[in-house]
Amino acid sequence: MNPYILATLLFSLGLGTTITFASSHWLLAWMGLEINTLAILPLMAQQHHPRAVEATTKYFLTQATAAATLLFASTTNAWLTGQWDILQMSHPLTTTIVILALSLKVGLAPLHTWLPEVLQGLDLTTGLILSTWQKLAPFALLLQIQPTNPFIMIMLGVSSTLVGGWGGLNQTQLRKILAYSSTAHLGWMILVLQFSPSLTLLTLLTYLIMTSSTFLVFKLNKSTSINMLATSWAKAPALTTLTPLILLSLGGLPPLTGFMPKWLILQELTKQDLAPIATLAALTALLSLYFYLRLTYAMTLTISPNNVTGTTPWRLPTSQLTLPLATLTMATISLLPLTPTMLALLTP
């Protein structure tokens with residue numbers, strides 16, 4: 001892709017998200033979401049491959065549906081209450097429709113079915129943008145909405161953690177596994193959103209760090225399926241040693257960074273007299289942990305069934321940037337001791 005066009009598209013991505021962040025009016029927020037969607041479509045279709053075009057079409061239709069639903073809900077709210085302000089969503093019907101529209105945008109269960117299919121058709125770089133940056137604008141809106149019925153948020157959260165765990169169990173494609181992982185992590189965020197928005201922000205931040213490092217590891221190894229992970233030792237031995245820690249951090253295993261948000265969310269849910277929900281969420285984390293362990297096993301304890309010459313590719317100097325991967329890997333593995341500091345920064 002022409003670098004000028006690429007720069008324009010990336011600028012538009014940033015602009016759309018910034019507009020949504022800065023808006024207090026529903027029409028302006030909707031416009032930011034639309035700019036965001038339109039900017040990423042050419043990036044998704046740049047491969048000129050039937051799977052990429054199919055994924056782009058699915059993404060466009062899904063996002064257009066969610067945006068139309070959001071516009072309908074905000075217009076209905078203005079008609080019923082006379083308010084266009086995002087913070088003034090007071091009618092239960094419009095609040096519920098907006099929450100469902102934003103859930104469709106980010107891929108929360110049961111509105112998640114587009115996410116694995118779309119992510120599977122993209123290259124790992126665009127998939128990384130879709131899994132991280134594209135979640136920011138809808139989450140900024142979700143954080144500003146005060147749900148009149150807390151039950152819907154809890155149901156969305158529990159179903160997302162369940163579906164994210166079950167759905168990834170029988171997958172062999174890494175991008176689909178990461179899509180289900182994304183749904184499960186978003187479920188944890190939605191569970192605690194109405195009780196502690198600052199904790200949701202902390203969870204979103206750690207999710208962005210961990211998912212980015214995972215995508216960059218797979219991109220460096222050029223791995224798209226579990227079988228392709230078996231050649232990792234020959235390509236990058238040091239990185240292959242650290243990757244299990246990244247995957248286990250995604251699963252939420254102590255003493256890694258990914259344990260921090262899960263621990264704090266379970267604590268908050270218990271404080272809110274939701275011990276059964278906290279127990280269910282903790283059990284669904286075990287489902288996710290299983291397929292992360294599966295990836296770990298495939299990457300570190302199996303060898304590719306090739307002949308001897310095929311298992312050792314030429315170790316030419318990589319042209320990819322490794323500093324972002326190194327920084328994110330360290331953050332993914334070792335941020336747990338900073339938990340008190342982060343809590344102090346996030347607590348108003």
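## Terms and model

Helices here are DSSP runs of H or I with at least four residues, numbered from the N terminus. The model is predicted.

## Cavity search

Rolling a probe the size of a water molecule over the atoms shows where empty space is left. For this model, a search of the whole structure gives two cavities of 30 Å³ or more.

## Largest cavity

The lining of the largest cavity consists of 13 residues. Those that lie nearest its centre are Y59, Q63, K105, Q134 and P138. By class, the lining of this cavity has seven nonpolar, four polar and two charged residues.

Four helices each supply at least two residues of this lining: α2 (26-45), α3 (50-81), α4 (92-106) and α7 (133-144). Which helix gives the most to the lining of the largest cavity? That helix is α7, with four residues.

## Second largest cavity

The second largest cavity is lined by H185, W188, T203, M210, G258, P261 and K262. Three of these residues are nonpolar, three are polar and one is charged.

At least two lining residues come from each of α9 (174-193), α10 (197-221) and α13 (259-271). H185 and W188 fall in the range of α9, T203 and M210 in that of α10, and P261 and K262 in that of α13.

Definitions and conventions
Residues are numbered from 1 along each chain as its sequence is written. This is a predicted model: local features need pLDDT of at least 70, side-chain atom pairs count only at pLDDT 80 or more; totals for chains, interfaces and linings use all residues. Side-chain values use heavy atoms; hydrogens and water are left out. On a 1 Å grid over the protein atoms alone, a cavity is a set of points where a 1.4 Å probe fits but cannot get out, and a pocket is an open set with protein on both sides within 12 Å along at least five of seven lines; lining residues have an atom within 4 Å of a point. Grid points are joined across faces, edges and corners, and a volume is the space filled by probe spheres set on the points. Ala, Val, Leu, Ile, Met, Phe, Trp, Tyr, Cys and Pro count as nonpolar, Asp, Glu, Lys and Arg as charged, and the others, Gly among them, as polar.
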